[in-house]
Amino acid sequence: MLTLLKLLKDGKFHSGQDLGVALGISRSAVWKQLQLLQAELNLPIHKVRGRGYQLAAPLSLLDVTQIQGGYWPVQVLDSVDSTNAEALRRVDDGCQAPFLLLAERQTAGRGRRGRKWVSPYGENLYYSLVLRIEGGMRQLEGLSLVVGLAVMRALREMGIPQAGLKWPNDVLVERRKLAGILLELVGDPADVCHVVVGVGINVNMQATEEVDQQWTSMRLESGHMVDRNALVTLLNARLHEYFDRHRRDGFAALQGEWEQSHLWQNRPVTLVAGANQIQGVVLGIDAQGALRLQVDGQERVYSGGELSLRLRDDS
Ligand code: ATP
């Protein structure tokens with residue numbers, strides 16, 4: 001089935017006869033495989049009499065041989081529940097970090113607090129990098145914001161100059177979500193631990209009814225299809241560079257750069273903390289990456305994984 005997909009990925013018409021010859025199977029076997037492709041991977045395929053079959057949109061499939069930079073070993077999975085969940089299982093099984101897992105789709109992609117990350121086949125990036133961290137709370141300080149910065153830089157370099165950050169680590173274009181980041185930690189943060197750096201980027205996705213907030217993709221913003229292997233190569237390079245700077249100089253050295261890229265700097269916001277809502281104006285972040293808000297005329301500092309920032313409707 002995947003060989004067939006590779007033949008169709010250019011989005012052009014291919015006759016049933018040609019596909020059958022290329023795969024060494026009959027035309028009716030081709031037809032069966034096409035139906036499987038549609039049903040299993042939810043990929044619409046057009047059939048036109050006299051011309052053959054065509055994917056509704058071309059695909060840029062992942063290919064390890066086209067991903068450059070040898071910072072960490074890379075493996076591409078076809079389908080997985082969640083790249084983060086699989087990475088955690090592999091850490092548990094004793095796999096040596098660093099390593100990177102990519103998948104063409106996730107059947108149970110996850111966001112923060114158990115929320116779902118929509119992950120259709122072949123369109124976006126589902127990226128989980130596992131790092132081993134030794135003896136360093138300092139190395140964890142602000143780490144998820146550092147990842148946001150590296151992702152944003154890669155996106156800007158790939159032709160989305162309007163990409164910016166929302167505390168703690170979403171990447172947006174205006175109010176539309178382009179990428180999400182989920183860091184998960186196992187082990188003892190004060191001694192040896194592993195961090196799974198999960199990054200979901202909407203790359204070539206053009207439509208979905210499943211995302212329940214404003215979203216966008218690189219393709220929608222730039223108007224053209226993006227080579228996902230080139231994006232992985234660049235993302236690897238930027239993450240490697242920012243992790244290095246973070247390890248060497250600490251988060252404080254990146255604080256200014258982060259604030260400059262914060263789309264909601266000086267904006268009136270609501271900070272949602274469980275059932276509590278705090279109204280304030282964003283002042284920036286501190287040297288550990290915590291949010292600084294002006295609340296009732298005073299500066300207050302907030303941090304923790306349970307916090308969500310919302311722009312106030314009147315802003
Ligand atoms: P925050 O709590 O920081 O405001 P969030 O509410 O956006 O973030 P996340 O955990 O970062 O939550 O992401 C999960 C949410 O993102 C989902 O509840 C859904 O609204 C949205 N979402 C799911 N899939 C996608 C996607 N592919 N692209 C953009 N947004 C998505």
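# Helices, domains and contacts in a predicted model

Visitor: Which helix holds both glutamate 86 and arginine 90?
Guide: Glutamate 86 and arginine 90 stand four residues apart, which is about one turn of the helix. Helices and strands here are DSSP runs, numbered from the N terminus (helices H or I, at least four residues; strands E, at least two). The helix that holds both, residues 83-92, is α4.

Visitor: What kind of model is this?
Guide: Residues are numbered from 1 along each chain as its sequence is written, and side-chain values use heavy atoms, with hydrogens and water left out. Local features need pLDDT of at least 70 and side-chain atom pairs count only at pLDDT 80 or more, while totals for chains, interfaces and linings use all residues, since the model is predicted.

Visitor: At what distance do the side chains of glutamate 86 and arginine 90 meet in a salt bridge?
Guide: A salt bridge is a side-chain nitrogen of Lys or Arg within 4 Å of a carboxyl oxygen of Asp or Glu, and by this rule the count comes to 19 salt bridges. For glutamate 86 and arginine 90, the distance from N to O is 2.7 Å.

Visitor: How does the radius of gyration of the protein chain compare with the globule rule, and what is its value?
Guide: The secondary structure of the protein chain comes to nine helices and 14 strands. The radius of gyration (taken over C-alpha atoms) can be set beside the globule rule (2.2 Å times the number of residues to the power 0.38). That rule gives 20 Å for 315 residues, so the chain is as compact as a globular protein of that length, its radius of gyration being close to this at 21 Å.

Visitor: What area is buried between domain 2 and domain 3?
Guide: The domain assignment, automatic or from a database, gives domain 1 (2-55), domain 2 (64-259) and domain 3 (264-311). The C-alpha centres of domain 2 and domain 3 lie 23 Å apart, and 16 residues of domain 2 are in contact (heavy atoms within 4.5 Å) with 22 residues of domain 3. Buried area is the accessible area (1.4 Å probe) that two parts lose on being put together, summed over both. Carbon and sulfur atoms give 53% of the area buried between these two domains, which is about 1500 Å².

Visitor: Which element gives the most to the side of domain 2 that touches domain 3?
Guide: Between the two domains there are one salt bridge and seven residue pairs in polar contact, both residues at pLDDT 80 or more. A polar contact is a pair of N or O atoms within 3.5 Å; within protein, one must be able to donate a hydrogen and the other to accept it, and residues adjacent in sequence count only if both atoms are side-chain atoms. On the domain 2 side, β6 (164-166) and α9 (255-260) each supply at least two residues. The element that gives the most, with three residues, is α9.

Visitor: Where is glutamate 134 placed?
Guide: Glutamate 134 is in contact with Gln139, Asp191 and Val192, leaving aside its neighbours within four places in sequence, and a polar contact of 3.2 Å joins its side chain to that of arginine 132. The C-alpha atom of glutamate 134 is separated by 6.5 Å from that of cysteine 193, 59 residues apart along the chain. The place of glutamate 134, in residues 125-134, is strand β5.

Visitor: Which residue is joined to proline 168 by a cis peptide bond?
Guide: Most peptide bonds are trans. Proline 168 is found in the loop between β6 and β7 (170-173). Its cis peptide bond, with omega of about 0 degrees, joins it to tryptophan 167.
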